[in-house]
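Thank you for sending this model for comment. Please read the points below alongside the sequence and the coordinates.

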Amino acid sequence: MWFAMSKKPVDQRGAESLQHSSVLAVRLTIMVKSAVQVRLATRDDMLRPHSDAQAHRSITATIPAAAGTNQLAAPTSSTTVVDPVTFIDLFAGLGGFHVALDKLGATCVFAAEWEPDLQALYEKNFGIRPEGDITKVNLSAIPPHTILCAGFPCQPFSKSGKQLGFEHTEQGELFFNVIDILRALRPQCFILENVPNLLKHDDGRTFARIERELRGLGYNIRHEKLSPHQFTIPQIRERVYIVGTLGDMSRFAWPKTSDEPTSIKTILGDDGGKALPPRVLEALHVWGEFLERSKQSEDRELPSFPIWGMEFGATYPYKGPTPWQLVRTGRIKELRSTKGTLGHPLRNLGTSDILSALPSHARREQTEFPKWKQTFIRQNREFYARNREWIDPWLPKIQDFPSSFQKLEWNAHGEERDIWQYVIQVRASGVRVKRQTTAPSLIAMTDTQVPIIGWEQRYMTPAECARLQSLESIAMPESPSKAFKALGNAVNSEVVRRIVASLLATIETKSTPSTRGRRDDGH
Ligand SMILES: C[S@@+](CC[C@H](N)C(=O)[O-])C[C@H]1O[C@@H](n2cnc3c(N)ncnc32)[C@H](O)[C@@H]1O
């Protein structure tokens with residue numbers, strides 16, 4: 001039996017004291033008599049014949065960590081021996097899993113990440129250099145471990161991607177690399193993370209396949225959607241977590257969530273942030289004026305659907321064949337009698353110009369618009385018809401802005417209509433305005449999508465975004481663009497820490513060589 005190195009008595013063992021420990025350096029033997037006794041093994045002990053170690057091994061190991069507890073609990077008198085908890089970090093990125101498991105006293109024995117900059121940063125932060133492309137790693141190079149961690153790339157399943165799932169060339173297959181590792185090394189448990197759309201993808205068939213594969217390897221599994229804001233961290237970032245163990249899952253409980261209100265102000269620093277470029281400032285002032293004018297509306301509330309300014313005044317057909325389909329099938333005349341973006345007449349336009357005079361969401365090469373798009377277009381046109389009086393004088397002000405600035409998502413219903421009091425994010429889907437309670441979900445964003453602190457008229461800093469991901473304890477990429485991108489891909493380490501603390505409670509092994517760290521691939 002091996003403990004991660006700690007010279008403190010077991011019951012004083014804190015998470016920090018176990019950080020950066022070396023499993024191999026010191027062997028801690030726990031012997032059970034009437035009470036738990038602890039002694040540090042000497043070098044001689046370590047060299048003792050195998051049978052001695054086997055005597056210790058036959059004792060059942062239990063880690064009594066309760067759901068939501070902060071650290072691995074120390075062994076109680078009924079607890080006899082705890083194996084060292086080791087983990088591997090696949091698709092390691094910034095190391096969100098690593099930070100979490102480090103805090104729980106576990107030791108990383110292998111990591112994989114193919115971005116060279118992130119590899120170097122991982123080594124700087126954690127002292128272990130990740131291997132590269134996981135599809136090229138030989139299974140025999142992966143050491144036995146207790147927990148496999150993998151936030152496998154989400155593009156194949158994310159709503160913003162093309163959702164090709166397992167058919168997604170290369171990336172979609174990465175889940176099966178995880179399966180190969182689980183099959184070969186049979187770690188006691190695993191934690192996987194992905195976007196929540198994974199559950200719905202291909203009408204649930206993708207997730208059913210994932211469950212089948214994992215259960216087929218003998219794992220008991222659970223899944224749950226969780227977000228940092230449920231643990232008092234001011235970021236809404238729902239992710240699906242899948243955990244599995246070879247042991248009994250009945251002792252596993254998801255960490256307890258909280259309804260406590262959060263405030264983004266708790267993670268803001270005073271290190272300043274990039275000022276808003278004039279164009280962004282101007283666009284936000286224009287929407288600020290829209291909000292001010294909207295107070296004249298007879299509608300008590302602003303729409304809960306996205307406000308698509310470019311639909312104001314448009315009359316092109318959106319039910320039945322799309323404009324693209326009309327052009328394609330020689331029915332362009334039907335378009336010419338209508339109006340495009342912001343009410344511009346399509347009358348005299350030729351085939352090539354007519355589609356460019358439509359909103360970008362109406363130019364897609366599709367024969368019919370999906371129902372949700374038809375609904376948004378109808379709702380916007382109805383809203384405009386009811387409110388033309390105060391919208392018309394304002395409308396020309398947005399005409400020169402790119403499409404993303406012509407749309408507004410107002411997520412502060414019932415609150416004061418002052419854009420500068422809120423957290424703002426300029427997304428491809430529009431200018432999103434949110435209450436001060438939470439930051440929007442960080443995405444692997446371009447610099448222009450970094451959340452804006454409205455009342456300070458600036459972007460958030462990488463350090464602040466790191467706090468949203470509970471990754472403030474590690475170094476970030478030097479380039480802010482790279483930091484924002486990596487943070488948008490990362491897992492929130494505090495959510496992981498709480499889940500894994502609970503997962504470790506399920507570990508109960510007769511820690512014989514046949515169950516722990518056994519390889520099925522002959523190694
Ligand atoms: C969703 S992110 C996971 C981020 C990580 N959990 C964190 O906390 O930062 C996926 C990561 O996998 C890496 N990746 C993608 N394909 C890979 C492959 N074939 N081999 C190794 N790493 C890969 C990407 O570069 C990216 O950093």
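The notes that follow take up the basis of the model, the ligand shell, one arginine and a set of paired strands.

1. This is a predicted model, in which local features need pLDDT of at least 70, side-chain atom pairs count only at pLDDT 80 or more, and totals for chains, interfaces and linings use all residues. Residues are numbered from 1 along each chain as its sequence is written.

2. The ligand is surrounded by 22 residues, a residue being near if its C-beta atom, placed from the backbone, lies within 6 Å of the molecule. The closest are Phe91, Gly93, Gly96, Gly151 and Ala490. By class, the shell holds 13 nonpolar, six polar and three charged residues, where Ala, Val, Leu, Ile, Met, Phe, Trp, Tyr, Cys and Pro count as nonpolar, Asp, Glu, Lys and Arg as charged, and the others, Gly among them, as polar.

3. Arg467 lies in helix H13, residues 462-468 (helices, H or I, are DSSP runs of at least four residues and strands, E, of at least two, numbered from the N terminus). Arg467 counts as buried because 21 other C-beta atoms lie within 10 Å, the cut-off being 20 or more, with C-beta atoms placed from the backbone. Its C-alpha atom is 9.8 Å from that of Gly269, 198 residues apart along the chain.

4. Strand E11 (residues 407-411) runs antiparallel to strand E10 (residues 307-308), joined by two bridges, and pairs in the parallel sense with strand E13 (residues 430-434) over four bridges; pairing requires that DSSP finds at least two bridges. Within E11, Leu408 is the bridge partner of Ile307 and also stands opposite Val431 in E13.

Methods:
Buried ≥ 20, exposed ≤ 12 C-beta atoms within 10 Å, placed from the backbone.
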